[in-house]
Amino acid sequence: MADTLIKVDLNQSAYDNDMVHNRWHPDIPMVAWVKPGDDFIVETYDWTGGFIQNNDSADDVRDIDLSIVHFLSGPIGVKGAEPGDLLVVDLLDIGAMPSSQWGFNGFFSKKNGGGFLTDHFPQAQKSIWDFKGMFTSSRHIPGVNFAGLIHPGLIGCLPDPKLLETWNKREVDFIATNPTRVPPLANPPFGPTAHMGRLTGEAKAKAAAEGARTVPPREHGGNCDIK
């Protein structure tokens with residue numbers, strides 16, 4: 001039986017779990033180490049850290065502070081790995097926690113996050129989907145039932161300092177091309193809502209002010225919505 005390296009309590013704030021972080025930064029300490037070829041289990045929060053609730057109101061989608069996302073389990077170190085190595089991770093199984101057999105989708109409001117269809121759907125909307133085996137259905141969209149293939153939205157490696165600097169400069173420069181756009185073109189570092197895992201004190205404050213947001217995909221992987 002594979003060991004569970006990271007556990008989460010869905011009734012606990014993600015900010016209280018030091019095996020979770022919500023920024024990319026090279027100084028975030030590893031919370032576990034594995035050897036090449038190891039099988040292991042990682043528990044995760046949903047990307048909002050539990051902010052979105054299983055109810056019939058879209059107020060949480062409308063009001064969420066998107067600077068808190070995404071909450072990521074880890075980081076996990078690989079013994080013997082060196083910079084420049086190709087890292088292959090096989091995801092053998094993915095599923096919801098036994099106590100939380102549901103998911104959600106929605107449209108974020110144009111004034112808070114937006115999306116690709118924000119001009120067509122400017123207001124926040126949400127639907128809840130219940131998992132029953134491999135199938136999912138929603139009380140908010142009656143008559144629809146399909147095979148819900150759960151996939152990791154976001155997975156990646158921590159950047160080295162040079163790559164982090166490249167990201168932050170590139171994205172700040174991009175924002176400057178249209179600084180008043182709603183929603184913004186990119187999300188720069190933002191320390192107040194950063195969760196830096198096991199970092200503490202001045203090191204935590206420094207990394208929080210520099211840490212790259214987890215919203216876009218980048219050279220290291222990131223938010224790729226792998227299916």
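**Aromatic pairs in a predicted model**

Let's start with Phe107: at a relative accessible area of 29%, Phe107 is partly exposed. Partly exposed sits between buried, under 20% relative accessible area, and exposed, over 50%, with a 1.4 Å probe and protein chains only.

A word on the source. This is a predicted model, where local features need pLDDT of at least 70, side-chain atom pairs count only at pLDDT 80 or more, and totals for chains, interfaces and linings use all residues. Residues are numbered from 1 along each chain as its sequence is written, and side-chain values use heavy atoms, with hydrogens and water left out.

Now the rings. How many aromatic pairs does a search of the whole structure find? Five. Rings of Phe, Tyr and Trp (its six-membered ring) pair if their centres lie within 6.5 Å; planes under 30 degrees apart are stacked, over 60 edge-to-face, the rest tilted.

Phe107 and Phe121 are stacked, 4.5 Å centre to centre, with 10° between the planes. Phe107 is in strand 7 (residues 102–107), Phe121 in the loop between strand 7 and strand 8 (125–132), 14 residues apart. Strands are DSSP runs of E, at least two residues, numbered from the N terminus. Phe121 is partly exposed too, at 33%.

Next, Trp129 and Phe146. Their ring centres are 5.3 Å apart and their planes at 65°, so this pair is edge-to-face. Trp129 lies in strand 8 and Phe146 in strand 10 (residues 145–147), so the pair ties together parts 17 residues apart in sequence. Trp129 is buried, at 9% relative accessible area. Phe146 is partly exposed, at 37%.

Last, a cluster: ring pairs link Trp47, Phe104 and Phe108.

Key: Helix = DSSP H or I, 4+ residues; strand = E, 2+ residues; numbered from the N terminus.
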